Amino acid sequence: MLRSTPAHVVVVGAGVVGLGAAAEAHRRGHRVTVVEQASAVVGSSVQNFGHVCTTAQAGRARTYALAARERWLALGAAAGFAVAPTGTHVVARTAPELRLLGELADERGADEVRLLGADEARAAVPVRAADVVGAAHLPLDLQVDPRAAAPALAAWLASQGVTFRWRTAVRAVRTGRVETTRGPLDADVVVVATHHDLDRLLPDVAASVGLRRCRLHMLRVRPGSPPGSPLGLRTPLLTGWSTVRYAALAACPSAPDVAAELAAADPEAARWDVNLMATPQADGTLLLGDTHARGDDAPVFQDEEGFEVLLRLARDLFGRDDLAVVERWQGTYASAPDRELLLAEPEPGVHVATVTTGIGMTTGLGLAADALDRAGLPDLS
């Protein structure tokens, strides 16, 4: 039987999924409390590229990505943070990479994938011209400032009446109750959106899917640190290293050929499990990444070689030696073998919602809404 009065929804975790659940529950007319162990949004929701990579998803992740896209646009307008419908360029530097992009275009059509010839690609993306054989533009993709979007969303939700309990750890969740370090909370619906820390709160759920932590090398670089000139990249940029990672691209018939070609040409980058991509920032810098290493924990010590590999690849891609490092950091996200998403109900009324690969910005808002649907939370607005 559907509820006809407002529920109290307690959301554990203030990352993109948790904030998405809070925003959706509030929109539906319910009372919402968000509990977060940190003092602000500080995790993977601010450590990423700010890239909403819609077209490259497949299956259920694609459904969530399309739903999340509309929510990003609506929430950006409401909360006052920029959401840029720039699309994404995917550059092809070899014949197999170009063939793969053609296969994706055949599957998705011109509304989602616009193929560019070599000359048009060279005009659209500022990469080393001699290496470009073509590209694709994916117009559905969005870009946000990863350091501004989630914090702005949290601040707006607080102004709308959502309660936030910062610096508050959750000790246990069960039907109807959340135990925290600042006392218990009664709840009609609990949404656990703790990402890779799920194994700290609900270890059996995490163990059931083999959840681990994936650690990344990431950089912010400034092109044209004198002497030189600005790079001029206007959209997020994916490369052949990206095409073998994202589900829709990796499912194309030519993906194994691209993967083999890349590994043979650069075994060091393959060993670091690189996704070479860049997103431009308003101040002229680029977010550049990334490498991938999985384990139960995320040690803070990083090998400098990972950063050197990324810089070498980027300098080769753009044909620029003047990429100066502004910041470097370790990103961390939840990872589980052979799955991208985790939805579970370990107890009645306790709903786990976690993205188990690096597509949280892309799918998280859609996943959160589905978790509330599965909880039977009606729209009372």
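This is a predicted model: local features need pLDDT of at least 70, side-chain atom pairs count only at pLDDT 80 or more; totals for chains, interfaces and linings use all residues.
β20 and β21 run antiparallel and are joined by five bridges. For a pair to highlight, pick leucine 341, which stands opposite valine 355 in β21.

Next, move to the other neighbour you can show beside β21. Select strand β13, residues 189-192, together with β21, residues 350-355: this pair is parallel and has three bridges. Here, click on valine 191 and then on histidine 351 of β21, its bridge partner.

Now bring in the rest of the sheet. Colour the strands in the order β9-β2-β1-β13-β21-β20, and you will have an open sheet of six strands with mixed pairing. Which strands stand at the edges? They are β9 (163-165) and β20 (341-347); each has a single partner strand, so one side of each is left without a neighbour in the sheet.

Time for a pair of helices. Two packed helices are described by the angle between their axes and the distance between the axes. Select α1 (residues 16-27) and α5 (residues 149-159): they pack at about 30°, and their axes are 10 Å apart. Because angles under 35 degrees count as roughly parallel, α1 is roughly parallel to α5. The crossing of α1 past α5 is left-handed.

Which residues make this contact? Show the side chains of Leu19, Ala22 and Ala23 on α1, then those of Ala150, Leu153, Ala154 and Leu157 on α5. By class, the contact has seven nonpolar residues, with no polar and no charged ones.

Finally, zoom out and colour by domain. The domain assignment gives domain 1 as 8-82 + 145-210 + 338-375, and domain 2 as 88-139 + 212-335. Their C-alpha centres lie 28 Å apart. To finish, look at where the domains meet: 28 residues of domain 1 are in contact with 33 residues of domain 2.

Methods: Residues are numbered from 1 along each chain as its sequence is written. Side-chain values use heavy atoms; hydrogens and water are left out. Axes are lines fitted to C-alpha atoms, for helices over the stretch in contact, and angles run from 0 to 180 degrees between N-to-C directions. Helices (H or I, at least four residues) and strands (E, at least two) are DSSP runs, numbered from the N terminus. Angles under 35 degrees count as roughly parallel, over 145 as roughly antiparallel, 65 to 115 as roughly perpendicular and the rest as oblique. A crossing is left-handed if the near helix is turned anticlockwise from the far one by less than a right angle, and right-handed if clockwise. Contact means heavy atoms within 4.5 Å. Ala, Val, Leu, Ile, Met, Phe, Trp, Tyr, Cys and Pro count as nonpolar, Asp, Glu, Lys and Arg as charged, and the others, Gly among them, as polar. Two strands pair if DSSP finds at least two bridges between them. Domain bounds come from an automatic or database domain assignment.
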